[in-house]
Amino acid sequence: MRILQKIGLLTAFIAATALSVPSALANKSATPLEQQLVNKFTEAKYSKKGADTCLMCHKKSQSVMAIFNTPHGNTNKGPMAGLQCETCHGPQGKHKGKNEPMLTFGDELSVEGRNSVCESCHSQEHTPFHDQACSDCHNVHQAELAAEQPQAQCASCHSLQDSAQFKRSTHLDTLTCSDCHNPHEEQPLSVNDTCYSCHAEKRGPTLWEHSPVTEDCTTCHNPHGSVNDNLLNSRAPQLCQSCHNQAGHPGDVHNSLNGFTQGQSCMNCHSKIHGSNHPSGHLFEK
């Protein structure tokens, strides 16, 4: 694959790429390896033959060549249309023969330094702004950018939520994390708005509103999974009695099992617990 570069077309790319990593490390104490990489970006000694030079050694690597099946490998636009491999991995300098390191998006550079390369094109970052590199979740050489197994990718950090898929009631048997979560969204939707995207019938407004319902669905439900039906955090009447004192009410599960505590428990009578539009529904009975 012959991919020649013209120096005149690369000036803007060189300026942007050369400054991205050093600025990210300006306020950090760089290791010797980091400083060497920073210097390489600053010196901007790019190869005149671009990817052709890299492929002399790396063309036999399937993981390297896979990039040409991705948007990042498009030679007409994106990184490959500019500085090609060196857009992301840094200037070749004296790298040939492994005489100098290149940026491999491993631990050789800080998270901020690695992300600064990605953010020269992509403005999004992981929320809620953990100290996490883009490359922890994405591999730009993969055709699907780690999208084939999104659950496994998220579970590498969010193991507690992932384990909920084995509980009696769970969303994870039909949904993936990205159906509810956008890891790059700076200001995500409220919990309720996310739930309403599927459960529109619970949105309201209703004549009689139940405060926990309007404030936060997770007050009563665990969206990832629960040992109780309907993703409830605990069974009624214990769940209801966490807010409503059972004194004076016959539905006390600790004293007896009766029509007020068996079956749907509190919902035997208060069936419209998400809200009622009936004039007599202030107790959510109708």
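1. K202 is partly exposed, with a relative accessible area of 29%. The model is a predicted one, and the points below should be read that way.

2. K202 has a charged partner. E201 and K202 form a salt bridge, with the closest N and O atoms 3.0 Å apart. E201 is exposed, at a relative accessible area of 56%.

3. The lining of the largest cavity includes K202, R203, G204, P205 and T206. Y196, E209, V213, T214 and H274 line the largest cavity too. By type, the lining residues are three nonpolar, four polar and three charged.

4. How much space lies in the largest cavity? About 50 Å³. A search of the whole structure finds one cavity of 30 Å³ or more.

5. Salt bridges come next. The whole structure holds three of them. One joins E100 to K40, with 3.0 Å between the closest N and O atoms. This pair links distant parts of the chain, 60 residues apart. E100 sits in the loop between α5 (85-89) and α6 (111-118), while K40 sits in helix α2 (residues 32-43).

6. Are E100 and K40 buried or exposed? E100 is buried, with a relative accessible area of 18%. K40 is buried as well, at 5%. Both count as buried because the cut-off is under 20% relative accessible area.

7. Another salt bridge joins the side chains of D229 and R168, at 3.2 Å from N to O. D229 lies in the loop between α11 (211-215) and α12 (238-241), and R168 lies in the loop between α8 (159-163) and α9 (177-180), so the pair ties together parts 61 residues apart in sequence. D229 is partly exposed, with a relative accessible area of 42%. R168 is exposed, at 62%.

8. Now the nonpolar cores. Which residues make up the largest one? The seven are A51, C54, L55, I67, F68, M80 and C85. Helix α3 (residues 51-58) gives the most to this core, with three residues. A second, separate core has six residues, among them L37, F41, L103 and V117.

9. Leaving out residues up to four places away in sequence, M80 touches I67, F68, H72, G73, N74, T75 and C85.

Definitions and conventions
Residues numbered from 1 in each chain as written. Predicted model: local features only at pLDDT ≥ 70, side-chain atom pairs only at ≥ 80, totals over all residues. Heavy atoms only, no water. Core = buried A, V, L, I, M, F, W, Y, C linked by side-chain atoms within 4.5 Å. Buried < 20%, exposed > 50% of the residue type's maximum accessible area, 1.4 Å probe, protein only. Helix = DSSP H or I, 4+ residues; strand = E, 2+ residues; numbered from the N terminus. Contact = heavy atoms within 4.5 Å. 1 Å grid on protein atoms, 1.4 Å probe; cavity = no way out; pocket = protein on both sides within 12 Å on 5 of 7 lines; lining within 4 Å. Points joined across faces, edges and corners; volume = space filled by probe spheres on them. Nonpolar A, V, L, I, M, F, W, Y, C, P; charged D, E, K, R; others polar. Salt bridge = Lys/Arg side-chain N within 4 Å of Asp/Glu carboxyl O.
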